[in-house]
Each structure stands twice: as structure tokens, then as C-alpha cells.
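Look at the model below, then read on.

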Amino acid sequence: MYHAVGHRPAEAAYGLSVSPEAFAEQMELLSEHGFTPLTTAELAGTWRRSGPLPARPVLITFDDGYEGVHRHALPALVKHGFPSTLFVSTGWLRGPYDEGGALDTMLDWGQVRELVGAGTEIGGHSHSHPQLDQLDDERLWYETVRCREILTEELGERPVSFAYPYGYSDRRVRQAVRRAGYAQSLAVGNALAERRQGPYALRRVTVRRSTGIEEFERLVEGRSIARNFARDRVLTQGYALVRRTRQARRKVSRIRV
């Protein structure tokens, strides 16, 4: 799971960014080690058909829709013939639906179409990038459906994959994403994706600015993942407790009203 790719990303996007040189080196490693990138739709479709996966399958995914994905990541992907999946928040992209709030320079729709032409699957990532599990039902429906409608209108094809903003979801959010017409969705979890996780809770591993090439190799080989992300998991558990408490308070407030 990647976010921004750039030399000098904005401070708010820096920690989850990678430099263009690091990204190119990581793609070179995947090629040299015989990995076979798939799109999210291809992986989920293969699992649904109980078909065989190619040798050493890997998903290369990008969240949010930062401009550097086109400027810096795309050349490395094209060099190796690698497909990828880009999950965009439609209200963050530059153009007629831009509502502001993006953390850095985002893609415009022409760049998104060029990514599609180069073999990138475009998936939904909500419209305005909220914490979906903190929304009421009406706003949750809007965020998932509006994103799907815009992508369908702009790209001429209905998106089938989704990724949860911030990685947060619960049963209600997953059901909403399914009802909105997405066939599969990715979380974070910092673990390898497995079929038993189900199509709406597939996990990914975070690649950061601080991820060196040796660590990257260990991650894609599935080694030391639990140790690498031990602190993240503790924080995630804490955030989950906070979010559940907020949800309970909102429910009580609605009942009182």
C-alpha cells in the first residue's frame, strides 16, 4: 500500500510517502525476485473462481490519488509492465468535483485516464475521505455511491474495488460498500492478504518513507511483518476503542433527541 510518491511531498503526506528513487528500486526488486503483480479485481476474481494464482502474486496499490503516482510511479510500472490499483477520493482530485481538503497536489482526470490506459485499475476510496465508520447511514451511503457515480461517469466503467479511508471499517461500513456495488474492498491491517479474510476485508502492508529496501524485501517475502508493525497494531487497537466509544455516544445522543 502506497500513498504519495515524490521528492518533496507536503508535510502532512510525508510519512506515508516514498521517494521516486525508492519506488523504482522496489519495483526492480519485485521484477528480479519473480513477483507477478495483479490488480485487485484480478486477485478477487481468481479467488472467486477458485482458480490458480500466478507465481508470487503481489498487489501494488495506491490510496488517495496523489499526482506523483502519475509523474513518478507510472514510469517505473510501465518499465516492468506492472499493473496496479489506484484508489481515488473523487472529491480530492483536481477538476469539477474537487471539494478541497487534500493533503498534497492530486491527480487530475486526464492523468487518471492515462493511468487507466497503462493498465491501472481505478477503485473507489470514498468521495471526501472521511472515517466511514464515524458517519451516519445517510452520509455513509453518499460517500460510497457518489464516488462510484463519478468514476463511472468520468471513466466509462463502473469501479468494482474499494479501499477504506484510513483503513477503518466495521460490519455496517462493509455492508454499505457491498450495497454500493463494489465487489471487493481492501483494508490495511499490515498483514498479507488471504482468501479467508473475505472479499471486503483484505489486508495490505504499508510502505512508508522510512521503509528501506531490505525491509521492503522482508515485507514482500512475508517475513517479520508482525514484528515490523507491532507498534501500529497497538495503536490500531487503541483507535478502534476510541471509535467504538464515539459511535456509542452518537447513538445515545440520537435516541435522546
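In this predicted model, the largest nonpolar core has 44 residues. Those with the most contacts inside it are Tyr2, Phe23, Met27, Leu30, Ile60, Phe62 and Tyr164. A nonpolar core is a set of buried Ala, Val, Leu, Ile, Met, Phe, Trp, Tyr and Cys residues joined through side-chain atoms within 4.5 Å. Buried means under 20% relative accessible area (1.4 Å probe, protein chains only).

Helices (H or I, at least four residues) and strands (E, at least two) are DSSP runs, numbered from the N terminus.

Methionine 27 touches Tyr2, Ile60, Ala76, Leu77, His80 and Phe82 (heavy atoms within 4.5 Å), not counting residues up to four places away in sequence.

A second, separate core of 7 residues includes Leu43, Trp47, Phe87 and Leu186. In helix H3 (residues 40–48), Leu43 and Trp47 are among the buried residues. Serine 50 follows H3 with a positive phi, near 55°.

Now the helix pair. H6 (residues 137–155) packs against H7 (residues 171–179) at about 45°, with axes 9 Å apart. Asp137, Leu140, Trp141 and Thr144 in H6 meet Arg172, Val173, Ala176, Val177 and Arg179 in H7. The contact residues divide into 5 nonpolar, 1 polar and 3 charged.

Residues are numbered from 1 along each chain as its sequence is written. Local features need pLDDT of at least 70, side-chain atom pairs count only at pLDDT 80 or more, and totals for chains, interfaces and linings use all residues, while side-chain values use heavy atoms, leaving out hydrogens and water.

How values were computed:
Axes are lines fitted to C-alpha atoms, for helices over the stretch in contact, and angles run from 0 to 180 degrees between N-to-C directions. Ala, Val, Leu, Ile, Met, Phe, Trp, Tyr, Cys and Pro count as nonpolar, Asp, Glu, Lys and Arg as charged, and the others, Gly among them, as polar. Buried means under 20% relative accessible area, exposed over 50%, partly exposed in between (1.4 Å probe, protein chains only).
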